[in-house]
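Work through the following exercises with the sequence and the model side by side, trying each task before reading its solution.

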Amino acid sequence: MRRRTFLFGALAGSTGCRYDRRPRLNVFNWSAYVAPSTIPNFEREFGVRVRYATYESNEEMLAKVITGNSGWDIVFPTHNRVPPMAAMGLLSPLDHRRLTNLGNLEPAFRAPAWDPELRWGVPYMWYGTGIAFNRSVMPAPRAWADLWSGRLAGRLTMLDDPEDVLGACLKKLGLPFESTDAGELGRARREAIEQKRLVRAYLNAEVRDQLVAGDVLVAQMWSTTAAQAIYDAPSLDFVFPAEGFPLYADNAVILRESRRQELAHEFVNYLLRPRVSADIVMATRTATANAAGKALLPEAIRTNPALYPPEELMRRGEWPGTLPAAAQRLRDRIWTEIKAA
Amino acid sequence: MKRGLGFYAAGVYGFLHLPLAILVAFSFNTSRFTVWEGLSLRWYQAVFTDPEMMEAAWNSVVIAVVATVISTAAGTLAAYGLWKRGSRWISGSLYLSLVTPEIVTGISLLAFFQWAFRWLNWQLGLHTVILAHVSFSMAYVAIVVSARLRTLDPALEEAAMDLGATEWRAFRRVTLPALMPGIVAAALLALTISFDDYVITSLVAGVDSQTLPMVIYAMARRGANPSINAISAIIVVVFGALIIVSQRMRDA
Amino acid sequence: MRGWFLLPARLWLWLLFLAPLAIVGGYSLLTRGTYGGVELPWTFENYQRTLDPLYGAILLRSVVIAAIATALCLVLAFPLALFIARANERKNLYLNLVILPFWTSFLVRTYAWLFLLRDTGLVNTVLLRLGITSAPLPLLYNDGAVVLGLVYGFLPFMVLPLYATIERMDPALLEAAADLGARPWRTFFRVVVPLARPGIWAGVVLVFIPCLGAYLTPDLLGGGKSVMIGNLVQNQFTTARDWPFGAAISLGLMLIATGALGIVYWRGPKEIL
């Protein structure tokens, strides 16, 4: 009996034991957003240990972070989540003196609409929402409206994201993406519920493997996830719908609760290095906001239409802003209704 | 009728065990698709060389062991206390805890921790997971031990006390040894439940406390992956062995 | 001295059971923060919302799915429990064979069905190879798959209480019925089933309530489309960012669980604890 107690006690004690005395940094990022070498290289160069975990949606990240003591140091919210996070006091203002590589950013991202002084976050990767499909089994869809076709029953997925799904419905109806009007949103809701019987599931990037495997034929998808899937399965293709589409940028932010502000700044600065940025894109097929990094990329990737759409196409895209609180709540409620229908 | 029942039982056992058997079988498949291509241990290799999975496995073990120790001790004492004295509140709450859906337990504990953290300056982590596991294991331990207690004769303890033993001594020397098989069974049950839990753990886990079910779930959501087959096979074998060993010990 | 034994349990009761539930109760009466969390003012609005027919539909669906799964479990488990109770030497072995799947991870067992039923899973691959079908059948991501997963996961929970009750049955009663001329089926329905009622109630409660609040099974096998109450609650705490509403639904669920437990207490065995 005594020996057993001792053993258990020792095991319990070991949970608090840190044999690793290096400083730690906790980074919470979207899945498939770094190269295999990115984190180990940083650990080696700075003599630290990085705990790196991934999430699949802003809400998943926000749910952990919103309490103010989640334990994470750096997270990557989408651009229209940054102002509310800052307003809630979750973010730590960036010290530009430590971010020496800030000049590497694309001109378009140096003073973005959501954070003109880059006070809260550094743009990391950007993308748009469109339609990924299996070219060998079906003709290319052209518009959001094509996702309501009965032929797709059970082989279609939509994103598990209220903004994207409602946005697609609004665009299909010819209404603005950021509509806050209750009537317009009501119509969009009806569309979404009508489409629901065709939808196999609401999935984010996790549907990538199923697209590649052929379980799913058509998916509302972010352009970077689509590019990754196409890389694995060339029979896939991606298109930005004719009616219009949203553009997003994920930003690296430092949480106010972080007790390692300096190290966090080092990491963000590290991500801004051209070589690091280029390596990430090569490994993950994402679109970086880093101009110097983009310049190091091979031609094929730099001109990939899914990742870097041509200028005329970009004009049909819009960058959704932060909605006022009441409109946000209305949309959230509608999303619950759609999911529950 | 007996023959028919026998066939039926075989059918149900097949239903229960076949999916697991298939799962294990395909963990040895070379190909990652469901066409059999050959024997291979590559998925097992993938499992053991995956640092995230190994760390999660370690976390699961630590959490399960610590939570089991605490909940078995507390649950045994509770069952004993209820046997001797009875308390409608406690037994009623234990019942309720048993049938409360996991999601409700999970969010209530999450809400409690977040509220408590305003004063405690803690974060979510291994300790919160362990506390949560103790919370839902208590009822299981109490039930198993109670069942065993009911087979005991209270007269034995009274005799010991008549002979001069204190209450605690009587408990330790007379009741506890007789209770051992029940306690071991309860501990095993608590261990399994704790190791297996996903819903509650995912809600109260922190940065450092990824557990094996959380890793498996994340992989499963991204689609079928033979590594999951491999780790599942390992879990099945390990726990299967655990029961067989415990049964042997009990029969011995 | 006696009270000392119950001290850990009391600690558990207040800190890890009642306090969390109280906080959830508090949350259910507050208003949601726009991006999560709760804020004043106090309101009953969340409970009013639970009465909305939209959520009534989800509750109904959850009840139906849970009921079907429970009924299937009962029908499948009863003969098996009979079989085990009648086996004389190998009783332990048969019991262990039932318990063994239960000891392995619930997640693993649910994943096993994911592996079997996917479009590129074993069942479809076999059917396609044998030429029985020409396109993969959508076996996954529907209510049927969810029921299957639930039955598979909870069958042992139904077998064990049934077995416990049947085993304690006096064989003399069955013989008496036979002597009085009753045929096997009649004996079964008129004697065995009524006598097994405590076990049936225990099994039904142990299966129905967790099925009602199931989260993992509808999530993995239902594709996030077959929304049951458990998923709805989880949803409120993440995507929908409406903690108070989620809290209100949770308490409603607890109410149902307590009610069901109350019924069993009143009608069934008086002593499990």
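**Exercise 1.** Determine in which sense strand S1 (residues 24-30) of chain A and strand S2 (residues 49-55) of chain A pair, and over how many bridges.

*Solution.* In this predicted model, S1(A) and S2(A) run parallel and are joined over 7 bridges, where strands are DSSP runs of E of at least two residues, helices are runs of H or I of at least four, both numbered from the N terminus, and pairing requires at least two DSSP bridges. Within this pair, A:Val27 has A:Tyr52 of S2(A) as its bridge partner.

Residues are numbered from 1 along each chain as its sequence is written, chains are lettered from A and ligands numbered from 1 in the order written, and side-chain values use heavy atoms, without hydrogens and water.

**Exercise 2.** Describe the secondary structure of chain B.

*Solution.* Chain B has 11 helices and 0 strands, and its C-alpha atoms fill a box of roughly 70 × 65 × 30 Å along the principal axes.

**Exercise 3.** Characterise the interface between chain B and chain A.

*Solution.* Begin with contacts (heavy atoms within 4.5 Å): 19 residues of chain B touch 22 residues of chain A. Next, take the buried area, which is the accessible area (1.4 Å probe) lost on putting the two parts together, summed over both; this comes to about 1,900 Å², with 53% of it on carbon and sulfur atoms. Finally, B:Val207, B:Arg221 and B:Arg222 supply 33% of the area that chain B buries against chain A, more than any other three residues.

Technical notes: This is a predicted model: local features need pLDDT of at least 70, side-chain atom pairs count only at pLDDT 80 or more; totals for chains, interfaces and linings use all residues.
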